[in-house]
Amino acid sequence: MSIMTIKDVEKLQTAINDAGLDYDVELTNGRISIVGPSDIVSSEIGILFSRLLANWVYPRRLGRVFDSAGGFILPDSNLTAPDVSFVSAARLRQSPRYFGELVPDLVVEIKSQSDRIKTLKNKILNLIKLGAIIGILIDPDEETVTVYRSQGEAIVFHNGDILTLPELFPGWELAVSELWPPIFTQEEIEGLTGDKEIEKKN
C-alpha cells in the first residue's frame, strides 16, 4: 500500500465536497481515514462545549476555538481534526486559509455511538505527546469528562463537578451537567407555543 500525503488528503477532500457529501478526512501514519457525520447527541455536545468555551475565550481575546471541521497538520506529518480544539492567540495571531500547521493547546474528543474509548484516548494521548497541553474525552453514555495532561493521572469529572482548566483559561468554570443535551418538558413546549400565539395576536 502506498503512503498517502497531505496532498492526497486535499484531493480526496475536494472530491468528497464536490460530490456534496459531508465527510472529513484525517491522515494517520500515511493512511487516510474518512470520518462521517456523528450522531446528533455528540454533535450537540460539541456545540454546547464550543459555545461555553468561546463565550469566555473571545471577549478576552485569549485565542481561537475550532470545531470538528478544523484540520491540523501535526509535526509527525499526520492530519487530525479534533471535535473541539483551542489555540492560544500567542501561537496563532491570524488563522490561515488552510489547515493549521501546529498542535492545538486543547483537544477535545466526544464519543459518538460508534467510537471506541480506547481509540479516542490513544488519539488524545498522542496529541499531548506532540505538544497539546490538555486533552479532554467526553463520554455522553457515562456522562463523564476525562481530562488528560502530560504529567499526572487522568482526572474524571462527573455530574455535579465543575471543570476548570487554569493552565489555559484562568477563572473559567464549566458545570459538567451543562454539557448534556436538555430534555424539553411538555410544559416548556406548551409555553413556547402559547408565547407565539400571543405574538401573532399582537
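## A tour of the sheet and its salt bridges

Start by selecting Lys111, which counts as buried at 12% relative accessibility; buried means under 20% relative accessible area, exposed over 50%, and partly exposed in between, with a 1.4 Å probe and protein chains only. This is a predicted model, in which local features need pLDDT of at least 70 and side-chain atom pairs count only at pLDDT 80 or more, while totals for chains, interfaces and linings use all residues. Residues are numbered from 1 along each chain as its sequence is written, and side-chain values use heavy atoms, with hydrogens and water left out.

A salt bridge here is a side-chain nitrogen of Lys or Arg within 4 Å of a carboxyl oxygen of Asp or Glu. Lys111 sits in the loop between β7 and α3, and Asp141 in the loop between β8 and β9, 30 residues apart. Asp141 counts as exposed, at 57% relative accessibility.

Next, show the strands. Helices (H or I, at least four residues) and strands (E, at least two) are DSSP runs, numbered from the N terminus. Six strands make an open sheet in the order β3-β6-β7-β8-β9-β10, with mixed pairing; two strands pair if DSSP finds at least two bridges between them. At the edges are β3 (63–66) and β10 (155–157), each pairing on one side only. From one strand to the next, the twist averages 15°.

Zoom in on β9 (residues 144–149). Three bridges join β9 to β10 in the antiparallel sense. Select Val147 and look across to Ile155, its bridge partner in β10.

Now select residues 117–130, helix α3. The helix lies across β7 (106–110), β8 (134–139) and β9, and runs at about 165° to β8. Axes are lines fitted to C-alpha atoms, for helices over the stretch in contact (heavy atoms within 4.5 Å), and angles run from 0 to 180 degrees between N-to-C directions.

What joins Glu109 and Lys123? Their side chains meet in a salt bridge (3.0 Å, N to O). Glu109 belongs to strand β7 and Lys123 to helix α3, 14 residues apart. Glu109 is buried, with a relative accessible area of 4%.

Finish at Arg149 in strand β9 and Glu167 in the loop between β11 (162–163) and β12 (174–175), 18 residues apart. They form a salt bridge whose closest N and O atoms are 2.3 Å apart. Both ends count as partly exposed: Glu167 at 42% relative accessibility, Arg149 at 24%. A search of the whole structure finds four salt bridges.
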